Structure formats: structure tokens, C-alpha cells
Amino acid sequence: MRTQVAIIGGGPSGLLLGQLLHRQGIDSVVVERKTRDHVLGRIRAGVLETGLVHLMEQAGVADRLHAEGFVHDGTRIAFAGDMFHVDFRALTGKPVIVYGQTELTRDLYDARRAAGAPILFEAEQVVIHDADSAHPHVTLSVHGAPVRIDCDFVAGCDGFHGVSRETIPLSVRREYEKTYPFGWLGVLSETPPVDDELIYASSPRGFALCSMRNRNLSRYYIQCALSDHPQDWTDAAFWQELKRRIPHEAAERLVTGPAIEKSIAPLRSFVTEPMRWGRLFLCGDAAHIVPPTGAKGLNTAASDVHYLYHGLRDHYRDGDDDALDRYSERALLRVWKAERFSWWFSSLLHRYPYQSEFDLKMQAAEISFLRDNEAQQRAFAENYVGLPY
Ligand code: APR
Ligand code: PHB
């Protein structure tokens with residue numbers, strides 16, 4: 001088969017790019033390793049920057065997000081039994097929208113289906129060929145049947161474990177990585193959220209986060225050892241530990257219930273450079289990973305989609321390749337800022353092994369500076385609601 005853009009990966013990056021291109025009359029084929037149900041079974045963060053919301057609007061898929069998402073004008077940060085509020089709206093004029101990544105992905109799948117645009121699910125042995133030539137192509141097999149896709153461009157949207165990044169030769173590729181000495185144990189429960197905003201909590205027992213999906217679906221996390229297994233944590237032990245890490249007033253209000261999902265995720269910062277090789281463009285988790293503190297994963301994927309979409313649109317509409325040529329440079333400039341913010345916010349709130357008394361005092365001083373200084377709060381809020389594209 002032949003298409004203009006072969007999109008490897010049917011996660012949010014690939015689907016959003018495909019939908020934006022579709023609205024410009026640019027055709028694409030999405031190739032996804034798993035099934036639709038598998039992709040929709042993944043539980044990921046759910047805080048959307050306005051930049052991503054605008055992209056969803058441009059893609060014509062923002063109706064449900066606006067109807068069902070929750071507008072959050074700020075967030076709470078808890079520390080040493082105290083809790084303060086950062087008012088995003090007052091500091092930046094912008095809110096964030098709380099809407100699960102699963103729901104956003106579902107909306108994009110529905111739109112692609114309605115557009116009649118192709119997705120090849122359960123694709124195996126995906127290989128990108130001749131990406132550094134004028135005529136790339138992709139080969140794969142679906143249920144044993146070989147498929148060849150000839151295309152003008154390949155968008156590598158296949159996440160951290162995909163094939164796209166590794167298609168770029170090691171002689172050109174440079175990777176930067178930091179792993180953190182702890183993980184996050186996450187629980188989803190059909191209980192009302194403890195607060196109307198998110199609570200990021202730093203405590204002597206480690207970090208905790210109170211988040212939500214809707215009025216009767218809450219998402220909570222606690223920092224845990226990398227050697228822990230979800231089955232080591234009974235529901236009761238999880239709730240008890242969470243309550244010990246959040247302010248007393250919130251612990252008293254917390255409604256607990258059975259965990260309907262419980263998992264542990266490691267924390268990692270990762271960037272690969274460049275994000276383009278010939279006619280292959282990396283997008284989203286295929287090119288970078290952030291620790292979840294600050295919810296920048298999906299939002300940073302969205303800024304890549306923005307730059308790539310504009311580059312492809314200019315190419316097809318105006319014959320202008322400037323934005324495509326500058327894709328890697330522009331995307332990386334913003335990626336590194338999101339990496340910095342996620343790393344800083346993680347470092348601010350977690351307990352690290354071997355932290356000295358001095359290190360703990362520095363962390364405490366940094367948090368109280370954030371609480372007391374408006375300029376610092378504004379810088380925090382600008383990063384949280386999303387830096388401009
Ligand atoms: N061929 C085809 N598809 C592949 C391949 C492959 N070889 N390898 C992986 N995939 C698919 C995965 O099954 C997945 O559905 O690519 C998709 C990548 O999706 P994500 O990992 O969700 O990455 P991305 O779309 O960039 O989404 C951004 O933001 O909140 C963060 O990590 C979170 O998923 C989120 C990300
Ligand atoms: C979530 O709701 O899963 C979530 C929210 C904010 C974060 C990370 C995860 O920083």
C-alpha cells in the first residue's frame with residue numbers, strides 16, 4: 001500500500017498526529033503492535049496543558065474533553081504537615097484540564113474510525129527501510145500476512161520500546177538518561193477524590209500524590225522501593241501509608257475502597273538526539289521520557305506533534321520544508337525544558353537514599369521558597385500549565 005505518512009505507533013502521539021493530518025487532507029496509515037483494547041487498558045496520567053487541548057480542538061476531537069474534563073485552576077503542595085496552594089490562573093492566566101489519557105486516546109480512536117483512516121493493529125516485525133532516502137518504506141506482518149507501506153515520511157510514534165528510535169544509526173544517535181532510585185506505586189479506586197485539586201505531598205516517609213479521573217474515580221500514588229511488587233502491598237497497607245504521607249486534614253477526609261488497578265512504575269528521564277533522521281521523525285515517548293511528577297509525558301509528546309504537524313502541513317500545502325528541517329532543533333528545545341521541570345519537581349518532593357541532613361535542609365528551603373516567593377511560584381505555574389510551543 002501507499003500513503004503520505006506512515007505512522008508507527010497508535011498511542012496518543014501517533015493518533016493525534018494522524019487526526020491533525022487528516023484534517024489537512026494528508027493521508028496516513030497507523031501501524032500499532034497491540035490491539036485497541038490493549039492500548040486503551042493502559043493507565044497513564046491525566047493532566048492536559050492548554051496547548052494539548054488546542055491541538056485536540058484543531059483535530060476536531062475536543063468535545064468530550066470539554067464536556068467531561070475538569071478545569072483545575074491550581075494545585076496543592078504539602079510539606080511538613082503544611083499545605084499551600086499555587087494558583088495557576090492568577091499567575092499565568094491559564095488552567096490545566098484533568099482528563100484521563102485513556103479517554104483522550106479513546107476519542108482519537110473513535111475519530112480515526114469515523115474518518116475511515118486505516119490502522120493496522122497487531123503489527124509484528126515492523127521494520128523501517130531507507131529512512132535516509134527520498135523513498136522510505138515500512139514492512140511488517142499482520143497475522144502472518146506480509147505488508148509493505150511506501151510513503152513520503154515516517155513518524156516514529158512507537159513509544160520508548162518501539163523500533164523507530166533504533167532505526168537511527170548509533171553513529172548519529174546520542175542518548176541521555178537518568179534513572180531514579182525509587183518507583184511510584186499507583187492505585188486506581190472507585191472513590192471520590194480527596195480534594196478538588198491535585199495534592200503533591202513531600203513527607204519524611206516519601207512522596208505521595210492524590211489525583212483523580214472523575215467524581216467517583218481517584219488515582220493515588222506513593223513513592224516506593226524499586227524492589228517492591230504491587231502484590232506486596234495490600235489495599236489496607238497502601239491506604240495506611242498514603243494517609244501517613246498527606247496532611248492530617250486530607251487523611252481524615254480520604255475515602256478508601258478496593259484498588260481496581262495497582263501497579264509500580266520506575267522513574268526515568270531520557271532524551272535521544274536528534275529527533276529526525278532523513279525522512280524519519282521521532283515523536284513522544286519514542287524520543288523522550290520524563291518522570292511523572294508534573295505530568296509532562298503526554299504534554300511533551302503533544303508539543304512534538306505540534307511541530308511535526310506544522311512541518312508536514314507546510315511541506316504538502318506550500319512546498320516549504322523549513323519547519324521540517326528545524327523539527328528536531330525546535331522540538332528538543334522544549335523537550336529539554338520539560339525534562340528540567342520534571343527532574344526538578346521530582347527532586348524537590350522525593351526522599352532519596354543517602355540524603356544528608358544538609359540535602360534535606362536544602363529541599364526544605366526550596367519548598368518554602370516556592371511557598372513564599374511569588375516569582376518562584378510563577379515560574380512553577382508557567383511550567384506546570386505548559387511553556388509556549
Ligand atoms: N510497531 C508498532 N507499534 C508499536 C511498536 C512497533 N514496533 N512498538 C510500540 N508500539 C506502540 C505501542 O504499543 C504503543 O501503543 O506504539 C505506541 C506508543 O504509545 P505510547 O507509549 O503511549 O507513546 P506516545 O504515543 O508517544 O504517548 C505519549 O505520554 O503520558 C505519557 O508515557 C505516556 O503514553 C504516554 C506518552
Ligand atoms: C495522574 O493523575 O495519574 C497523575 C497526575 C499528575 C501527575 C502524575 C500522574 O504529576
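Around ligand 1 in this predicted model there are 24 residues, and those that come nearest are S13, E32, R44, Q101 and D285. One of these, E32, has a polar side-chain atom 2.6 Å from an oxygen atom of ligand 1. The backbone also takes part in the surroundings of ligand 1. A backbone N or O atom of P12 is found 3.3 Å from an oxygen atom of ligand 1, and a backbone N or O atom of L298 lies 3.0 Å from an oxygen atom of ligand 1. On its own, ligand 1 has 700 Å² of accessible area, and the protein covers 92% of it.

Which elements give two or more residues to the shell around ligand 1? They are α1, which spans 12–23, and α10, which spans 297–318. With three residues, α10 gives the most to this shell. Sorted by class, the residues around ligand 1 are nine nonpolar, eight polar and seven charged.

The next site is that of ligand 2. Here the shell holds 15 residues, with Y200, S211, R213, Y221 and P292 coming nearest. The side chain of R213 has an N or O atom 2.8 Å from an oxygen atom of ligand 2. A polar backbone atom of G294 is 3.0 Å from an oxygen atom of ligand 2, while for A295 a backbone N or O atom lies 3.2 Å from an oxygen atom of the ligand. Ligand 2 taken alone exposes 280 Å², of which the protein buries 99%.

Two strands supply two or more residues each to the shell around ligand 2: β15 (208–214) and β16 (217–224). The most comes from β15, which gives three residues. The shell around ligand 2 is made up of nine nonpolar, four polar and two charged residues. Domain 1 covers 5–72 + 95–177 + 268–345 and domain 2 covers 180–267 + 351–385, and each gives at least three residues to the shell around ligand 2.

From the ligands we turn to the open spaces of the protein. The second largest pocket has a volume of about 250 Å³. Its lining consists of 16 residues, and G100, E103, R213, N214 and L217 are the ones nearest its centre. The elements α4 (63–68), α6 (101–115) and β15 each provide at least two residues of the pocket lining. The largest share is that of α6, with three residues. By class, six residues of the lining are nonpolar, four are polar and six are charged.

Why is the second largest pocket said to lie between domain 1 and domain 2? Both domains give residues to the lining of the pocket, so the pocket lies between them.

There are also cavities to consider. A search of the whole structure gives three of them with a volume of 30 Å³ or more. The largest cavity contains about 60 Å³ of space. The residues that line the largest cavity are E49, K296, R334, K337, A338, F341, N383, G386 and L387. Helix α12, residues 327–349, gives the most to this lining, with four residues. Of the lining residues of the largest cavity, three are nonpolar, two are polar and four are charged.

P274 is placed in the loop between β17 (259–273) and β18 (276–277). The second detail concerns E122. Although E122 is not a glycine, its phi is positive, at about 50 degrees. Where is E122 found? E122 sits in the loop between β8 (119–120) and β9 (123–129).

Notes. Residues numbered from 1 in each chain as written. Chains lettered and ligands numbered in written order. Predicted model: local features only at pLDDT ≥ 70, side-chain atom pairs only at ≥ 80, totals over all residues. Heavy atoms only, no water. Near = heavy atom within 4 Å. Polar contact = N/O pair within 3.5 Å; in protein donor to acceptor, adjacent residues only side chain to side chain. Areas by Shrake-Rupley, 256 points an atom, 1.4 Å probe, with all protein chains shown as cover. Nonpolar A, V, L, I, M, F, W, Y, C, P; charged D, E, K, R; others polar. Domains from an automatic or database assignment. 1 Å grid on protein atoms, 1.4 Å probe; cavity = no way out; pocket = protein on both sides within 12 Å on 5 of 7 lines; lining within 4 Å. Points joined across faces, edges and corners; volume = space filled by probe spheres on them.
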